[in-house]
Amino acid sequence: MNHDWIDRLLSPYYHNSFFHIILELTAVAFTIFSVFYAQKNNVWGYPIGIVSTIIYSYLTFDTYLYGNFIINLYYTLMSFYGWYAWMYKEDKNKTIPITFCNKKDYFYTFILFLSSCIFSIMVYFFYGQLQSHSDWMDILTTGIYFSGMYQMSMKKVENWIFWMVGNGIAVPIYFLKGFILTGILFIILLLLAIVGFFIWKKKALNPILS
């Protein structure tokens, strides 16, 4: 049996340190758990996700994925905010309901998407790395993920649509950069985002389920 495709798939890891591989594997596991908790509208998705985003902040910066580095820093900050907002509301018996976006939400999301893309372009120019299609794809996913994280913190159903699109684009980026485990992770996250959308949509249409 020809195993050349397996060698090609795993070749990036032949040159990576054991520490680097363990970090990526840890980030993958924590990301999956955080999404499961998010689907269930459980606040534990935030602290678990913070561990993952901190690890990915290091890994993406180390491999010149500056757009994704910015994304993960933003994830970390927004996760602390979302963690506080969800817990604060619950302590005050004012649980944030899962709802659909209105025109105001879409406006703020668009502004955030545009500004995050522009900022990412500036960072790439600063480091002199804006040279390939994957760089532009990285910038695009930056805007998409910024928007999705903002909407998740506000408990908007549409946040899952941003995760679907962003994860679909991110898969080839991570494979090209040698993050094979992360590329596989994002295929799983894409499927989880689809499931998450329907779960939150059901809860938004039936508030008693939230």
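Tutor: Helices (H or I, at least four residues) and strands (E, at least two) are DSSP runs, numbered from the N terminus, and in those terms the elements of the protein chain run α-α-α-α-α-α-α-α, with 8 helices and 0 strands. This is a predicted model, in which local features need pLDDT of at least 70 and side-chain atom pairs count only at pLDDT 80 or more, while totals for chains, interfaces and linings use all residues. Residues are numbered from 1 along each chain as its sequence is written, and side-chain values use heavy atoms, with hydrogens and water left out.

Of the 210 residues in the protein chain, 49% are buried, where buried means under 20% relative accessible area, exposed over 50% and partly exposed in between (1.4 Å probe, protein chains only). A nonpolar core is a set of buried Ala, Val, Leu, Ile, Met, Phe, Trp, Tyr and Cys residues joined through side-chain atoms within 4.5 Å. The largest such core has 52 residues, and Tyr-74, Trp-160, Trp-163 and Phe-186 touch the most other members. Two or more residues come from each of α2 (18-39), α3 (45-62), α4 (66-91), α5 (103-127), α6 (133-153), α7 (159-176) and α8 (180-205), and α4 gives the most, with 9 residues.

Turning to Phe-186, and leaving aside residues up to four places away in sequence, this side of the picture includes touches to Tyr-145, Asn-167, Ala-170, Val-171 and Tyr-174, a contact being heavy atoms within 4.5 Å.
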